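Open the model in your viewer and keep a selection panel at hand.

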Amino acid sequence: PSGELSANTHDIESERGWLTQQLKEQTVEFTTLIVAEDQAYQVVFVPVKAPNLIAWVGLGFVIDLDMAQTFKSITNADISLLLGRDSEQKFKPISTLPVTLINNLSADSRSYSRQSLQARLNGSDWASTHLTLLQNPHQQLDVVLATSLKEAYASYRSLHIQMAIITLIALFISVLLVALIGRSITKPIA
């Protein structure tokens, strides 16, 4: 509870002050995002009580490409996790987007800016939105959700074709009925 670190598997010194503040404000279990060794983690903290609070136990889950693929399967949207230093505005990407979209975004193929990614997506057939998940003095974690407009409109194209076929059939039947009715009306006149 005092913020003394007993044991850990990763170097979290850059986040220690911020985490200590979070732990002092909490009384029940909670989750948060942290960055350790240039990798993002979702960490779950649980209080250890005997009967008063004697410690906190934290367990972290890495946020990586496997997790992004899981999110993509749930949301049916491509996920790009951008981890970087706020001052540099350069990000290390974890993305389910096609490689052709993220190529040539910067001179360094291992990092790019969120702005260049969104500009690239907005300039093509993609709809995207951006959320900042974590922003502290040392690190920033952003997520860009994107979906292909071509894929989104694909089901509507087949529906559009079905509607056109139904319209043509209805038009043909209407013309046929008008011709039959017109013939029956003009017979007595003839």
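Start by selecting L33, V35, A40, I63, A68, I79, L81, L83, I94, L134, L141 and V143: these 12 residues make up the largest nonpolar core. A nonpolar core is a set of buried Ala, Val, Leu, Ile, Met, Phe, Trp, Tyr and Cys residues joined through side-chain atoms within 4.5 Å; buried means under 20% relative accessible area, with a 1.4 Å probe and protein chains only. Colour β1 (30–36), β4 (78–85) and β7 (140–148), each of which supplies at least two residues of this core. β4 gives the largest share, three residues. Strands here are DSSP runs (E, at least two residues), numbered from the N terminus.

This is a predicted model: local features need pLDDT of at least 70, and side-chain atom pairs count only at pLDDT 80 or more, while totals for chains, interfaces and linings use all residues. Residues are numbered from 1 along each chain as its sequence is written, and side-chain values use heavy atoms, leaving out hydrogens and water.

Next, select F30, F45 and W56, which form one aromatic cluster. Rings of Phe, Tyr and Trp (its six-membered ring) pair if their centres lie within 6.5 Å; planes under 30 degrees apart count as stacked, over 60 as edge-to-face and the rest as tilted. F30 and F45 are stacked, at 5.3 Å centre to centre and 25 degrees between the planes. F30 is in β1 and F45 in β2 (residues 39–49), so this pair ties together parts 15 residues apart in sequence.

Now turn to F30 and W56: their centres are 5.7 Å apart and their planes at 75 degrees, so the pair is edge-to-face. W56 counts as buried at 14% relative accessibility.

Notes: Buried means under 20% relative accessible area, exposed over 50%, partly exposed in between (1.4 Å probe, protein chains only). Helices (H or I, at least four residues) and strands (E, at least two) are DSSP runs, numbered from the N terminus.
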